[in-house]
Amino acid sequence: MTTHHQPTAGHCPAHEQAPPPTGPIPIYGDAFTADPHATYRRLRARGPIVPVEISPRVYGYLAVTYRAAVYLLGNTPARFVKDPRHWEALRQGQVPADSPSRMMMQPRDNALWKDGPEHIRLRHAITSALARVDTHALATTVARIADQLIDAFAPAGQADLVAQYSDPLPMLTVFELFGCPQELGSRIVGAVTRVFDGGADASQANAELEDACLELTHLKRHRPGRDVATHLIAAGLTDAETVQTILLVIGAAAPPTSNHIGNGLRRVLTDPRFAGSVHDGVRPVADALDEVLWDNPPVPNYSPLYALGRQIFEGVYLEPGYPILVSFAAANGDPLLAVAPGARAGNRGHLAFSAGVHACPAPDLARIIAETALERILDRLAGLDLDVPETELHNRPGTFLAGLTGLPVRFQPSTRLRPVRKVTTMTSQTPATGCPYRLDGTGSDIHGEAAALRALGPAARVLLPGNIPAWSVTDPHLTQRLLTHPHISKDAHQHWPAYTNSEIPENWPLRIWVDVRNALSAYGPEHTRLRRPLAAAFSPRRVRALIPQIERNTHTLLDNLQTTGPDNVVDLRARLHWRLPLLVANAVIGVPEDLHDDFRGAVGDLFATNLPPEKAAAAPAAVYGLINQLIAHKREHPGDDVTSSLIAAHTGGQLTYQELADSLMLLIGAGHETTVNLLDHATVNLLLHPAQLAMATTGQISWEHVVEEALRHQAPIATIILRFAVHDVHDETTGLTFAQGEAIAINYAAAGRAPGIHGQDADEFDITRTTVREHLAFGHGAHLCLGAELARIESRIMLAALFARFPRMRLAVEAEQLRPLPSLISNGHEQVPVILGPAAT
């Protein structure tokens, strides 16, 4: 490759900066290996994304700030793609065949190098195969392999823990997961190591690696087993795709995890904050490993991307045709990050597992291997310590991996072999829904995800659907402090730079929740102005006056249900939970009954956070169409309802038309959905707990108590988005700082099950607990839900009447068959099928 193919550090004239004083800085060689962070600091001084020499005479860009890394990963494949066919120098044959960059960045038929539907298809094969791994069995396997390795050197009293432990353990584990014979596995080990080391024979090693993976593919086609390789083949991959996918998974799992274990061992042996404490069980091994992922990620620089046309980020032009690498190490070390170096234990907002659509598909499996490996050796080797000064520990050379060349240690010799015990780590209990900081837009396991997030601390950095970075707050005390803080806003139009700078895609699935101009999304005096016209309709006097109508509507709906017969399956969510709140809404808001069913379908899509972009964009339009019909109807037929009052305010110039429509969007959408989900979960939980149901129906426990426990146990709105820091907000209690402009999501589902408030049985539904009212299901502070008391009254009346009318009602399916709504916001079920049984006489 000739020097004229070096990328330039062009800058937008509007953000003019001085050009770099020299050419691209190399990210390889002795100086880089000895102190890579010194190189990252030099690069960061030049800009967020800068030209580099990746390996000898191979040039590209490197993203060295956290913000730049998230931008690149979050805009793939919209603005950047993974397909190496966009690499101009490779197309022109200018990348040497033995270049380590070529081995690590050349086109392959696997998910890492594909975009769009092909990427989705190939990645699904990986995720579905890895999802079938039993995490508890994995921990047991790792412990057994660890014991076998330790037994081999324990009598000597000294060992190189890299060569004899951290290097072989992950590879041996992966081979068992893939059902790979030992001889074939040994060949793969040698080839993978040589490819990653990038030596002169890297090309030959790559050929040997592909041959070995093809042999494994043929073996598994003829002798399938209960292993990852067989599951990949069963997913319909071709031989070529299977070979490259096996190569990808083994390559992505084994060498990086080896480095993670080695770097973690170094941390616990040399850092006075960890040395000794992890041996005594005072400070968990997981904390040391989390810090290593921040400070020294095992894959420091990777994820090559290519610009689709000329792109610009923070004034820096990115030319097409050049690889753009993400420096996970430099991004994690960005001095502008709010997470201080001393506060990183337990915080998984790092980018060590990447982010976006190409994020690591199974970080939890990697954590299980690493945690179990460290726990096992610290448990087995008494007196474990370094056998050389720390200054004599050296990093492996290379751009793409960060590990030690060796870790000489000494310990008390032991000839006693340890029996293998089952090892369970915190990570093995984490739901296999993806990275804890990458929120699941399908809402498939809201409380599993909430537990995983809670384990990361009172708040953690996350990626929302669409790969939008934010904080997720799970601690109820921190939530209350933030919701009453004067510098926490809900107005994206004023206080979210990513929104005002047009960085949020128009088709972002959650955009409607920040686009709207109503009391939910307003701040300060604007919030007061927009909330005031709504508040009168929910005054205690007006709500109490609705009780007779709620009772009449309830009995009418139950009469209609009874006509279906005692043995037929009825969807209570559709026939009851949804309809009662809408009938009440007709009285409060003025929604005519002929619009009820249309609103039900449209609002459901509004809350779905797993929709493709085109359908997500269409959902608000459908709701607005119905709202326009409602407004037109109430102009012709005004009444004593909120819609008529809002129309009058609009006519009088107090509200714009958008504020009028968006206020109705708030009442019909968010307000109504809360009550529906409350009724849904309360009904299901009572059917699942007949003893508690009996206590409620006989008056031992009040229905008021039942409703509060339902709100605590299953917050109807699981996560509310979004709030924004108006200025830097530092929380003294937790030590966290929410930087100006950062987005904040409040996880009410997690707050309701805080063990510190509700005890270790917080996940259990229990109407007898004394803390049922200690929840935040209706929010807190200035944005406390206006309709909270109305929702409570509706639920008490409905539940008492329902179970009195149908005392032998039961679920028509097993609890596990109830499908959650595809939403991280709305916490309910798609259907609640029941068999009513005979009605009471």
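Leucine 722 lies in strand β16 (residues 719-725), where strands are DSSP runs of E with at least two residues, helices are runs of H or I with at least four, and both are numbered from the N terminus. The model is predicted, so that local features need pLDDT of at least 70 and side-chain atom pairs count only at pLDDT 80 or more, while totals for chains, interfaces and linings use all residues. Residues are numbered from 1 along each chain as its sequence is written, and side-chain values use heavy atoms, with hydrogens and water left out.

**Exercise 1.** Classify the ring pair of tyrosine 302 and phenylalanine 400, and state whether each residue is buried or exposed.

Solution. Rings of Phe, Tyr and Trp (its six-membered ring) pair if their centres lie within 6.5 Å, and planes under 30 degrees apart count as stacked, over 60 as edge-to-face and the rest as tilted. A search of the whole structure finds twelve aromatic pairs. In the pair of tyrosine 302 and phenylalanine 400 the centres are 5.6 Å apart and the planes stand at 75°, so the pair is edge-to-face. The pair links distant parts of the chain, 98 residues apart, with tyrosine 302 in strand β6 (residues 301-307) and phenylalanine 400 in the loop between β10 (385-386) and β11 (408-410). Tyrosine 302 has 14% relative accessibility and counts as buried (under 20% relative accessible area, with exposed over 50% and partly exposed in between, for a 1.4 Å probe and protein chains only); phenylalanine 400, at 6%, is buried too.

**Exercise 2.** Examine serine 303 and asparagine 467: what is the phi of each, and where does each lie?

Solution. Serine 303, found in strand β6, has a phi near 55°, a positive value in a residue other than glycine, and is buried with a relative accessible area of 6%. Asparagine 467 has a positive phi of about 65° although it is not a glycine; its place is in the loop between β12 (459-464) and β13 (468-473), and at 10% relative accessibility it counts as buried.
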